[in-house]
Amino acid sequence: MFDLDKELEEYERKREEERLAFLQKCHDKITDGGTVYQGLAFIIAHRFRITEAYHGSGFHDVVYRILNHYIDEVDEDFQTWLHKDDGPFIRPAKEMVKIFPEFKKISNNPRKLVEIANELYGLDLHYDHCEYHGDYVYSYSFDFNSFTPINVNEVVELKNEIATLKKYGNPTDELEAKLESYGFSPEQLEML
């Protein structure tokens, strides 16, 4: 009698055997470690949409920094690590204004935005400059859920409330303590 479940199971088993045989064949043909290294670099570049500045120039150094970090420091599957929520992060520096719009009033300079974000959110972002490939910001582990963006409008409102209270000679200690809790430097607060 025909058993559909058994036939499907057998079909899946054969497909998996074929897939594993093909992968083993690929593995056996690649005898040069440099090919694997370049292949992994290509996968990282593809994941973050990084292209060569001109044909044959190679990828931006941040691709190789991320790859070397994976090789030296990470003990998990490459694809899992590359695509997880707190995995590596590479973005063109010009995107920092979109990622941290709350700091636009302080600066539009991507390098400065990275410094502010690292300081206020406790991040570990790195800025890298290259005249041929452009500027990139990267991190070995970055999670957008690891911080809550500061509501700058609340900070500005708090500053205005403090200024009004001071104008009329009222105490501002409690509000000033709340303002300090945001972590902005006096110079940054002045720009808001």
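Against which elements do the buried residues of α6 pack? In this predicted model, local features require pLDDT of at least 70 and side-chain atom pairs count only at pLDDT 80 or more, while totals for chains, interfaces and linings use all residues. Residues are numbered from 1 along each chain as its sequence is written, and side-chain values use heavy atoms, with hydrogens and water left out.

Helix α6 comprises 12 residues, 110-121; helices are DSSP runs (H or I, at least four residues) and strands likewise (E, at least two), numbered from the N terminus. Pro-110, Leu-113, Val-114, Ile-116, Ala-117, Leu-120 and Tyr-121 of α6 are buried (under 20% relative accessible area, 1.4 Å probe, protein chains only). These residues cover an arc of only 165° around the axis, which puts them on the same side of α6; the arc is that of the directions from the helix axis to the C-beta atoms. The buried residues of α6 pack against α5 (96-99), β2 (126-128), β3 (136-139) and α9 (186-191), contact meaning heavy atoms within 4.5 Å. The helix is followed by Gly-122, whose phi is positive, near 70°.

In helix α3, to which Glu-73 belongs, Val-63, Tyr-64, Ile-66, Leu-67, Asn-68 and Ile-71 meet Tyr-37, Gln-38, Leu-40, Ala-41, Ile-44 and Ala-45 of α2. Glu-73 is exposed, at a relative accessible area of 56% (exposed denotes over 50%). Between the C-alpha atoms of Glu-73 and Tyr-140, which lie 67 residues apart along the chain, the separation is 9.9 Å.

How values were computed:
The expected span of a helix is 1.5 Å times one less than its number of residues.
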